[in-house]
Amino acid sequence: MKEEIIWELRSDKVKELAKQGKRIDGRSFDEYRKLEIETGISENAHGSCRVKLGETDVIAGVKFDVAEPYPDSPGEGSITVGVELMPMASPVFEPGPPRADSIELARVTDRGIRESKAIDFSELCITEGEHVWFAFIDLYIANDNGNLFDACALSAIGALLEAKIPKFEDGKVIQKEFSGKLNLKKKPVLATISKVAGVLLADALLAEEKASEARFSVSTTENEELCAFQKGGSGTFTQKELDQAIDLAIAKGKELRSHFK
Amino acid sequence: MAEEKNEVLTYVDSEGKRLDGRKVDELREIKILPSVLSRADGSCYLEWGQNKVLVGVYGPREALPQHIQDPTKALVDFVYRMATFSVPDRKNPRPGRREVEISKVCGKALEGAIFLERFPNTTIDISAYIFDSNAGTRVTALAAASVALADAGIPMRDLVSPVAVGRAGGHILLDLNKQEEDAPDAVDMPMAILPRTGEVVLLQMDGLLSKEEWLKAFQLGVKGCRTVYKKQKEALKKRYLETSAEQDKGIKKAAKELEKATEAKMAAPEEPQTNDSEEPIGGDSK
């Protein structure tokens, strides 16, 4: 309750500043916070990455496992994205089954990767109709200071970029031995634009998210393809605002992508 | 893997070296970084060999729902979890019985150190997540949690310093790795003490141990705990002495500026003092 009052006061300040063309941390509206990407953070993972976007901190790991393919796509593997909001990340996160917030984060991250066709699922097939690879991408939120969406998408790509597929022999996965690297054809990157007091801004801080009417996430590839959208929040966007947001997301996507080799 | 099991490994060679080159009483490398998360009241990232853990602490804060509150002391809620990718075969993201048990015993171990009676009706929430593992994750989590509690400024009798001891190939060893833990005669004994008094706050064991071996293992463990204690204290000192040194610098700088300003004022011709300046600041507070 005390928390909520403080956030409300902060919201007033954030909105007031937005109207004056300013942000609480002095950034311009289209400016991202400092992005740090660290890969290879877990030896047991098949690919791993820790992303810090300002103070927002996400740890991602990929594990490949063999499963039976879905009946409607016998020659294709797949991906699964899970997001866990660790209780340490915020005073309001609690341990337990995934809530709507973490499910939305996981599904938006999943769509950005899946729909970009960055991974050719037929390359994940071992024997048609019998064995295919599933890439389990699990994301752990360590610190939430806003814009978890972009941080999640970035950490997932970071982990996939260095992911290696294990050997599969005699119906068994051989751990610590690999048949090769995952072929990641594209680097889809999500950029989330928030609307605060009628102003569009990129990479919102938590205080800005709390003050925002709505958010719009756009996943883009290096070919400037748009591969996933997600509008959130109860506020609205005009068509002009959406066009602006998409242009901004493409430009910011390019900038964020350049952090990966 | 199957072939490896049949092969008899020499766990300690003629030169007293183990499979990974350590001596029998040598710990793996430990790296401790306190204050790594901005939102948590206290936090710690710790690497212990290949084991990697991140711990965050919130509290003491109001325990909710109200009926769980204890009017005589604070509650400790310790959550130990392993990331799905922290083990060779992917772990189910749902917490298993092992994680629930470890959470409980580690929470109790920390309760032994905290002055709980000072914070009635509150809870201290600790979460520890393992991101990479190679035997000994519970002691890794506990070592980090203890540092994170200190980082949160929670008053404690002492730090909790843990270590695992055990047996492999007939040898009593400090801080077993996975290969040693998989020995046919393996014994695993995680423990933790309050080093100032030597009181034991965590002790578990599985395997077959003679009384002589138990004594030897325990003594080796206490020695190991004390080494961990030193590293925990060093990490905290480094974190806080550096910060306070920076603060000192800031204070000195401000003092110098004030001195300069005063000198400049002294040099300037004296202004007549107004009545306002005579009034004590916050005069109505006393």
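Q: Which residue is the bridge partner of R215(A) in β12(A)?
A: That's G232(A). Keep in mind that this is a predicted model.

Q: How many bridges hold β11(A) and β12(A) together, and in which sense do they pair?
A: There are 6 bridges, and the pairing is antiparallel. The two strands form a hairpin with 5 residues between them.

Q: Where does E224(A) sit?
A: E224(A) is in the loop between β11 (214-220) and β12 (226-232) of chain A. Its phi is positive, about 60°, although E224(A) is not a glycine.

Q: And what do most residues do?
A: Most residues other than glycine have a negative phi.

Q: Staying with α3(A), at what angle does it cross α2(A)?
A: Roughly 50°, with the axes of α2 (residues 100-115) and α3 (residues 148-161) of chain A coming within 9 Å. That makes the two helices, α2(A) and α3(A), oblique to each other. Their crossing is right-handed.

Q: Which residues make the contact?
A: From α2(A) you have L105(A), V108(A), T109(A), G112(A) and I113(A). From α3(A) there are L148(A), F149(A), C152(A), A153(A) and A156(A). By class, the contact of α2(A) with α3(A) has 8 nonpolar and 2 polar residues, and no charged ones.

Q: Now the two chains together: how many residues does each put into the contact?
A: Chain A puts in 30 residues and chain B 27. On the chain A side, the elements giving two or more residues are β3 (56-67), β4 (78-85) and β6 (131-143).

Q: Which element of chain A gives the most?
A: β3(A), with 6 residues. The chain A side as a whole divides into 13 nonpolar, 9 polar and 8 charged residues.

Q: Let's switch to chain B. How many helices and strands does it have?
A: Chain B has 5 helices and 9 strands. Its radius of gyration is 25 Å, while a compact globule of 286 residues would be near 19 Å. Along the principal axes, the C-alpha atoms of chain B fill a box of roughly 95 × 50 × 40 Å.

Q: What order do the strands take in the sheet of 5 strands in chain B?
A: β1-β2-β3-β5-β4, in an open sheet with mixed pairing. The edge strands are β1 (30-34) and β4 (75-82) of chain B, each pairing on one side only. The twist there averages 15° from one strand to the next.

Q: What does β1(B) pair with?
A: β1(B) runs antiparallel to strand β2 (residues 42-48) of chain B, with 5 bridges joining them. I30(B) stands opposite W48(B) in β2(B).

Q: Is the peptide bond from G59(B) to P60(B) cis or trans?
A: That bond is cis, with omega near 0°. P60(B) is in strand β3 (residues 51-62) of chain B. Another cis peptide bond joins L64(B) and P65(B), with omega about -5°, and P65(B) lies in the loop between β3 and β4 of chain B.

Q: Last one: how far apart are the axes of α3 and α5 in chain B?
A: They are 11 Å apart, and helix α3 (residues 137-151) packs on helix α5 (residues 211-267) of chain B at about 35°. The crossing of α3(B) and α5(B) is right-handed. A143(B), S146(B), V147(B) and A150(B) in α3(B) meet V228(B), Q232(B), A235(B) and L236(B) in α5(B).

Methods: Residues numbered from 1 in each chain as written. Chains lettered and ligands numbered in written order. Predicted model: local features only at pLDDT ≥ 70, side-chain atom pairs only at ≥ 80, totals over all residues. Pairing = 2+ DSSP bridges. Helix = DSSP H or I, 4+ residues; strand = E, 2+ residues; numbered from the N terminus. Axes fitted to C-alpha atoms, helices over the stretch in contact; angles between N-to-C directions. Parallel < 35°, antiparallel > 145°, perpendicular 65-115°, else oblique. Left-handed = near helix turned anticlockwise from the far one by under 90°. Contact = placed C-beta atoms within 7 Å. Nonpolar A, V, L, I, M, F, W, Y, C, P; charged D, E, K, R; others polar. Rg over C-alpha atoms; globule rule 2.2 N^0.38 Å.
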